[in-house]
Amino acid sequence: MKSISKLGWTAYGLAALVILVDQLSKYWILYVYDLPSRISTPIAGPFSLTMVWNRGVSFGLFRADQDLMRWALTLFSVVVAVILAVWARKAVRPFLGLGLGLVIGGAIGNAIDRLRFGAVVDFLDFQRLGFFPWVFNIADSAITIGVVFLLLDSARKDSDA
């Protein structure tokens, strides 16, 4: 078995943390706060909690109302997470390790939702800002921030490797 770099372990730990926080937040939203019965609750300023069952890909794009698409999206998320996990084994740059960990955790967090509920649980709503028209969750946030880290890593100079 090939060794895993220190940043690879960091990526795996971060992925596990993202999955844990994502799933705990969704548990709280669904079963403690019971957001599905409230639909939407203003919290502070432009922030609300709004219940959305996302059957599409990111931000509701490409809705997958049929069961076949649900399973295809779940499989795609898991395959992407596995590919990124293999890549993370060799991570030697901080932005790469952080980015991979965040994307892996987010992909698995949303895949768990698709397996459990047939849709992704979205509830963080900043739509009243006027330029952010989506409701999202912790996993979506992790994926987005992870992609930013991966882009920053890819923009580095080769001599920084």
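Helix α4 (residues 94-117) packs against helix α5 (residues 138-154) at an angle of about 155 degrees, with the two axes 7 Å apart. Axes are lines fitted to C-alpha atoms, for helices over the stretch in contact, and angles run from 0 to 180 degrees between N-to-C directions. Helices (H or I, at least four residues) and strands (E, at least two) are DSSP runs, numbered from the N terminus. The model is predicted: local features need pLDDT of at least 70, side-chain atom pairs count only at pLDDT 80 or more, and totals for chains, interfaces and linings use all residues. Residues are numbered from 1 along each chain as its sequence is written, and side-chain values use heavy atoms, with hydrogens and water left out.

The helices α4 and α5 are therefore roughly antiparallel to each other (angles over 145 degrees). Their contact (heavy atoms within 4.5 Å) involves residues including Phe95, Leu102 and Asn110 of α4 and Ala139, Ile143 and Asp153 of α5. Helix α4 has 24 residues and reaches 34 Å from its first C-alpha to its last, close to the 34 Å expected at 1.5 Å a residue (1.5 Å times one less than the number of residues). Just after α4, Gly118 takes a positive phi of about 80 degrees.

An open sheet of 4 strands has the order β1-β2-β3-β4, with antiparallel pairing (two strands pair if DSSP finds at least two bridges between them). Strands β1 (40-44) and β4 (135-136) stand at the edges with a single partner strand each, so one side of each is left without a neighbour in the sheet. Strand β2 (residues 47-54) pairs with strand β3 (residues 120-125) in the antiparallel sense over 5 bridges. Trp53 has Val121 of β3 as its bridge partner. Helix α4 packs on the sheet and touches β2 and β3, its direction making about 120 degrees with that of β3.

Note on methods. Parallel < 35°, antiparallel > 145°, perpendicular 65-115°, else oblique.
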